[in-house]
Amino acid sequence: EKFIEAGLVSISAIDKTIKVDLVNSDPEKNFFRENYYDGLNIAYLREPVALKLSKAQKILKQKQPNYSLQILDAARPRSVSRAMYEKMKGTKFERYVANPEKGSMHNYGIAVDLTIVDESGKEIDMGLSPFSKSTLEIYWQYAKMKLGFKLSKEQTANRRLLSDVMLAAGFYPLSHEWWHFNGMEKATARQQFKIIE
């Protein structure tokens, strides 16, 4: 209701071929081990961003017809960001949750977290990911990253594929989160839209 009131659109209304698995609706799939969206599994974004995402899906399908984008998180109310930030504050993972006082791009409905899945719905190997993993596995991956373990050739190629597709569709990546892309410049988003509380 908050998203619809704010004028956002469901991704599936724009492009039914894009997969959706909102990890923050499932405690087994997110690092916080919380159900923040009360089971919601419809991804919402601002319409211009949703249209760009559909373009990205088409570009991916041209490159790899059996692959699909899968949304892990999209628009997020600031109330949820606050709860996430409080849980991560003071930990080594704090940098992965934007300070809700300024508002993250998810709070404006212009950011999307996503990955690529194959024809069976299985995520291709992207390396370190905070999604759909046990807490122990996440810590182990993080430790390996800190110890200087490099990505495999396959993981590097898979991340590059996602990045290339999203950049070609007009998205802006985050350097330390391979899964996060903004659909427009932060300054533009703050000028054009209000935060979803």
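Which residue's side chain makes a polar contact with the side chain of H180? Let's work towards that and a few other points together.

This is a predicted model, so local features need pLDDT of at least 70 and side-chain atom pairs count only at pLDDT 80 or more, while totals for chains, interfaces and linings use all residues. Residues are numbered from 1 along each chain as its sequence is written, and side-chain values use heavy atoms, with hydrogens and water left out.

**Exercise 1. Describe the surroundings of H180.**

Step 1: Find the residue. H180 is found in strand β7; strands (E, at least two residues) and helices (H or I, at least four) are DSSP runs, numbered from the N terminus.

Step 2: H180 is buried, with a relative accessible area of 7%. Buried means under 20% relative accessible area, exposed means over 50%, and partly exposed lies in between (1.4 Å probe, protein chains only).

Step 3: Look for its partner. The side chain of H180 makes a polar contact with the side chain of D113, at 3.2 Å. A polar contact is a pair of N or O atoms within 3.5 Å; within protein, one must be able to donate a hydrogen and the other to accept it, and residues adjacent in sequence count only if both atoms are side-chain atoms. D113 is also the bridge partner of H180 in β7.

Step 4: List neighbours. Leaving aside residues up to four places away in sequence, H180 touches H106, A111, V112, D113, Y172, P173 and L174, where contact means heavy atoms within 4.5 Å.

**Exercise 2. Find the largest nonpolar core and a residue within it.**

Step 1: Count. The largest nonpolar core has 48 residues. Such a core is a set of buried Ala, Val, Leu, Ile, Met, Phe, Trp, Tyr and Cys residues joined through side-chain atoms within 4.5 Å.

Step 2: Name the contributors. The elements giving two or more residues to this core are α3, β4, α4, β5, α6 and β7. Helix α3 gives the most, with six residues.

Step 3: Zoom in. L69 is one of the residues with the most contacts inside this core. Among the residues that L69 touches are I18, L53, L60, L114, I116, L162 and M166.

Definitions and conventions. Pairing = 2+ DSSP bridges.
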